[in-house]
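Hello,

Here is the structure we talked about handing over. Please open it alongside this note; what I found follows below.

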Amino acid sequence: METAFEIIAEPNRRAILTLLVSSQQSVGEIERQLHMPQPMVSKHLRVLREAGFVEATVDAQRRLYRLKPEPFQQVDDWLAQFRRFWSAHVDALERHLDRIEQSAPTKKATPTKSKTRKIQRGSIGEGDKGETK
């Protein structure tokens, strides 16, 4: 049996999981949005279902797939140790940028060249947190 990381390492499976984040989807909807043949979508959904990442419910003539949170919590728990490592580095970068800003001579900025850089702290994967702006 594949590990959770082996399962989500496959790009087509990640694409399917990304679609299912926003709403439940049928095989046909996934097929159309990802431009994948139906047998391939079904194969990947079977792997995801057997691993516990998704579950299916029957709605009239179609099966609707949705995410199950438990396997993602296990992955998140494992990633937590690395998130702390990343956060420490982001904090150090922020302090470094603050020192540079404080020691730089003040210049009159033109409206087109004036920019402010901010670092947002938080978990990796939460929108744009952790990126520079």
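**Arginine 13**

Arginine 13 counts as buried, because its relative accessibility is 7% and the cut-off for buried is under 20%. Keep in mind that this is a predicted model.

Where does arginine 13 sit? Its place is in helix H2. Leaving aside residues up to four places away in sequence, arginine 13 touches Glu2, Glu6, Ile7, His44, Val47 and Leu48. Take Val47 from that list. Valine 47 lies 34 residues from arginine 13 along the chain, and their C-alpha atoms are 8.7 Å apart.

**The chain as a whole**

There are five helices and three strands. In sequence order the pattern reads α-α-β-α-α-β-β-α. The chain has 133 residues, and 22% of them count as buried. Its accessible surface is about 9800 Å². Carbon and sulfur atoms account for 53% of that surface. Now the contacts between residues at least 6 apart in sequence: 45% of these join residues at least 24 apart.

**The sheet**

The three strands form an open sheet in the order S1-S3-S2, with antiparallel pairing. Which strands are at the edges? They are S1 (25-26) and S2 (54-59), and each pairs on one side only. S2 pairs with S3 (residues 62-67) over six bridges, in the antiparallel sense. Within the sheet, valine 54 stands opposite leucine 67 of S3.

**The second largest pocket**

How much volume does the second largest pocket have? About 240 Å³. Two elements give two or more residues to its lining: helix H2 (11-22) and helix H5 (70-103).

- Ile8, Arg14, Leu17, Thr18 and Val21 are among the lining residues.
- Leu67, Phe72, Val75, Asp76 and Leu79 are also among them.

By class, the lining has seven nonpolar residues, one polar and two charged.

Two links tie these parts together. Helix H2 holds arginine 13 and also gives two or more residues to the pocket lining. Leucine 67 stands opposite valine 54, and Leu67 is one of the residues that line the second largest pocket.

Best wishes

Terms used: Residues are numbered from 1 along each chain as its sequence is written. This is a predicted model: local features need pLDDT of at least 70, side-chain atom pairs count only at pLDDT 80 or more; totals for chains, interfaces and linings use all residues. Side-chain values use heavy atoms; hydrogens and water are left out. On a 1 Å grid over the protein atoms alone, a cavity is a set of points where a 1.4 Å probe fits but cannot get out, and a pocket is an open set with protein on both sides within 12 Å along at least five of seven lines; lining residues have an atom within 4 Å of a point. Grid points are joined across faces, edges and corners, and a volume is the space filled by probe spheres set on the points. Helices (H or I, at least four residues) and strands (E, at least two) are DSSP runs, numbered from the N terminus. Ala, Val, Leu, Ile, Met, Phe, Trp, Tyr, Cys and Pro count as nonpolar, Asp, Glu, Lys and Arg as charged, and the others, Gly among them, as polar. Two strands pair if DSSP finds at least two bridges between them. Buried means under 20% relative accessible area, exposed over 50%, partly exposed in between (1.4 Å probe, protein chains only). Contact means heavy atoms within 4.5 Å. Accessible areas come from the Shrake-Rupley method with a 1.4 Å probe; for residues, only the protein chains shown count as cover.
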